[in-house]
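Colleague: Please take me through this model, term by term. I want the cut-off behind each label.

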Amino acid sequence: MNIFRKLGARAALLKGGHLPALAEANQRALEGRPCLAPDWKPRAVGVHHKVYEQARAAFPYFGEVLADVTGAPPVRMLHHDDDMVAAVCFLFGRDSYEPLSLHLFARLSAGTDGAVLDIGAFTGLFGLVAAGAAPEAVVISFEPAPHIAARAALNGRLNGYDNYRVEAAAVSDITGRRALTYYGGTSATTGASLAPKSRDAVGEEEVEVTTIDTSAAMLDRPVMLIKLDTEGDEMAALAGGAEILRRDRPVVLSEVLNDAAVAGQCGAMADHGYSAVFIDDAARRLIPVDAAFSLKGRGFGNLLFTPDEAVQARASSIAEAFRQIV
């Protein structure tokens, strides 16, 4: 069963006899990107922002794009008008997609020869940023949707990183096989999850599932940094990494979708001796997470968990320096 909607009229450009139309559309997109406007300044742009929706509708693009993240070499990504992450980077330029989160991931990766895990990698941007910033590290991107994992692997080959690989698997608190539910309707959906959601599902697929501890046991080096974006299943992924959290003390960057997720993740990580700050990508600031903290008015975002005061101070210094960049 085809669980994805067709791309519609724009995809028709790819059919036989329409290459001139495709070339013309690509040229319009290349010339019309908002980031080329004289008054444009780097800013965080979300896929639910009106400016994104308008630009995406106006400028379909089929080809390779560069994701320019301060602190790492530019990342090459394939974008057949189907990758929302690549689209943000293409349309809005440097440091537009989760800018502080990606900058922190790059800077905290730099210099390590340990392992970096990008869990819920989608088409691979975080993992590829780490692979470029830390050529001596081993970077593993975990993506459960097979067709998206294939795109992430292709993006890895485009960048020529020998230290980067993709595992087509979900990461949770068990190993084996489970049903991955797809939400949304694009050909490269970002909403697939093992966890149930209050959204209409468009289909499901049985996928491989592993745990952080199981995967790390096969590595010849400690885990230094983890990114988690499992669309609501982050608590299970953390539970499946309890031994690595105790042994290796990696820095963890984890998505939170609501206040219940904030409370749950902060409580679980506090039991391991971690402190938390919220990454405000729009303001390029780290916000302390205390009893009064709420995502209300912020939407969703990422938490940064640090295992000691030294790492926390380093992250704060990186964020403050990044905020001064125009």
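Modeller: Start with serine 172, which is buried at a relative accessible area of 0%. This is a predicted model, where local features need pLDDT of at least 70 and side-chain atom pairs count only at pLDDT 80 or more, while totals for chains, interfaces and linings use all residues. Residues are numbered from 1 along each chain as its sequence is written, and side-chain values use heavy atoms, with hydrogens and water left out.

Colleague: Why is serine 172 called buried?

Modeller: Buried means under 20% relative accessible area, exposed means over 50%, and partly exposed is in between (1.4 Å probe, protein chains only). Serine 172 has 0%, so it is buried.

Colleague: Where is serine 172 found?

Modeller: In the loop between strand 6 (170–171) and strand 7 (176–183). Helices (H or I, at least four residues) and strands (E, at least two) are DSSP runs, numbered from the N terminus.

Colleague: What makes the pairing of the serine 172 side chain with the aspartate 233 side chain a polar contact?

Modeller: The distance is 2.9 Å. A polar contact is a pair of N or O atoms within 3.5 Å; within protein, one must be able to donate a hydrogen and the other to accept it. The side chain of serine 172 also makes a polar contact with the side chain of aspartate 173, at 3.3 Å. Residues adjacent in sequence count only if both atoms are side-chain atoms.

Colleague: Which residues is serine 172 in contact with, leaving aside neighbours within four places in sequence?

Modeller: Among them are Arg178, Leu194, Val209 and Asp233. Contact means heavy atoms within 4.5 Å.

Colleague: What makes phenylalanine 105 and phenylalanine 126 an aromatic pair?

Modeller: A search of the whole structure finds four aromatic pairs. In this one the centres are 5.4 Å apart and the planes stand at 75°. Rings of Phe, Tyr and Trp (its six-membered ring) pair if their centres lie within 6.5 Å; planes under 30 degrees apart count as stacked, over 60 as edge-to-face and the rest as tilted. The angle is 75°, so this pair is edge-to-face. Phenylalanine 105 is in helix 4 and phenylalanine 126 in helix 5 (residues 125–133), 21 residues apart. Phenylalanine 105 is buried at 1%, and phenylalanine 126 is buried at 6%.

Colleague: How do you know that arginine 284 lies over the face of phenylalanine 322?

Modeller: A charge sits over a ring if NZ of Lys or CZ of Arg is within 6 Å of the ring centre and within 35 degrees of the ring normal. Arginine 284 is 4.2 Å from the ring centre. Arginine 284 is buried at 8% relative accessibility. Phi of arginine 284 is near 55°, a positive value in a residue other than glycine.

Colleague: What is the largest nonpolar core?

Modeller: The largest has 64 residues; Phe92, Tyr97 and Leu125 are among those with the most contacts inside it. Helix 3 gives the most to this core, with nine residues. A nonpolar core is a set of buried Ala, Val, Leu, Ile, Met, Phe, Trp, Tyr and Cys residues joined through side-chain atoms within 4.5 Å.
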